[in-house]
Amino acid sequence: MATQTPAVLRSRIGSAVASGRGLMRAFFTRGARRRRQEDVLLELLGQLRLMTEEIHRANLIQQYRLTLDQMDRAIDDPSLADAGSTLTGLSEVKRRQMIFANREYGSLLMAHQVGMYSWDELVGHLRVLCRNKLFAEYWDRTIEHRRSLPAGSTEARIGEVVDVMIEELADDPEQWWVVGPNSEGHGA
């Protein structure tokens, strides 16, 4: 019988080892499966984030289209221009010019907000727009409108850049390509 004991132990040990291997495989297989599921979940969350951003951009664009339609109607019909404008003491022609200047500025902002223009590209376009005397007049007449913008918002930040550009252009209009920030909002 003494010779049978080691065989029995070996078989018990052998089956325990085999059973342990099975458990380890199951454990690692579940771990690998779990990691794969987590990877898939992270990928889906990333895609959901991108879709949410795209829907937000599409909503911005749709809202802007509605705004442009209203501006176009106001430009075409002086009675509608009076209803939509807070600027007083303007001739019909001047009011139309102010609406159009607002439209041009809004187009640049929208292009930046939806990712069509980088910050530096936006600043470049603003430099050109700020050279226009009618835009400078529009900007001066609408200073009160910008005071209600939340501090630190994109539009407030852009407004500050335009303020600097118009001020610098008043000092030296021949150096228009260097007015405003030089890159990513840092001063010139």
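Modeller: Let's start with Arg103, which sits in helix H3. Helices here are DSSP runs of H or I with at least four residues, strands are runs of E with at least two, and both are numbered from the N terminus. Keep in mind that this is a predicted model, where local features need pLDDT of at least 70 and side-chain atom pairs count only at pLDDT 80 or more, while totals for chains, interfaces and linings use all residues. Residues are numbered from 1 along each chain as its sequence is written, and side-chain values use heavy atoms, with hydrogens and water left out.

Back to Arg103: it counts as buried because its relative accessibility is 17%, and buried means under 20% relative accessible area with a 1.4 Å probe and protein chains only (over 50% is exposed, in between is partly exposed). Who does Arg103 touch, leaving aside neighbours within four places in sequence? Its contacts (heavy atoms within 4.5 Å) are Tyr64, Leu68, Met71 and Asp72.

Follow Tyr105 next. Not counting residues up to four places away, Tyr105 touches Leu126, Leu129, Phe135, Tyr138, Trp139, Glu155, Ile158, Gly159 and Val162. It also belongs to the largest nonpolar core, which has 24 residues. Such a core is a set of buried Ala, Val, Leu, Ile, Met, Phe, Trp, Tyr and Cys residues joined through side-chain atoms within 4.5 Å. Tyr105, Leu126, Phe135, Ile158 and Val162 touch the most other members. H3, helix H4 (119-130), H5 and helix H7 (154-171) each give two or more residues to this core.

How about the helix as a whole? Just after H3, Gly115 takes a positive phi of about 90°.

Zooming out, the protein has seven helices and zero strands, giving the pattern α-α-α-α-α-α-α along the sequence. Of its 188 residues, 24% are buried. Among contacts between residues at least 6 apart in sequence, 63% join residues at least 24 apart.
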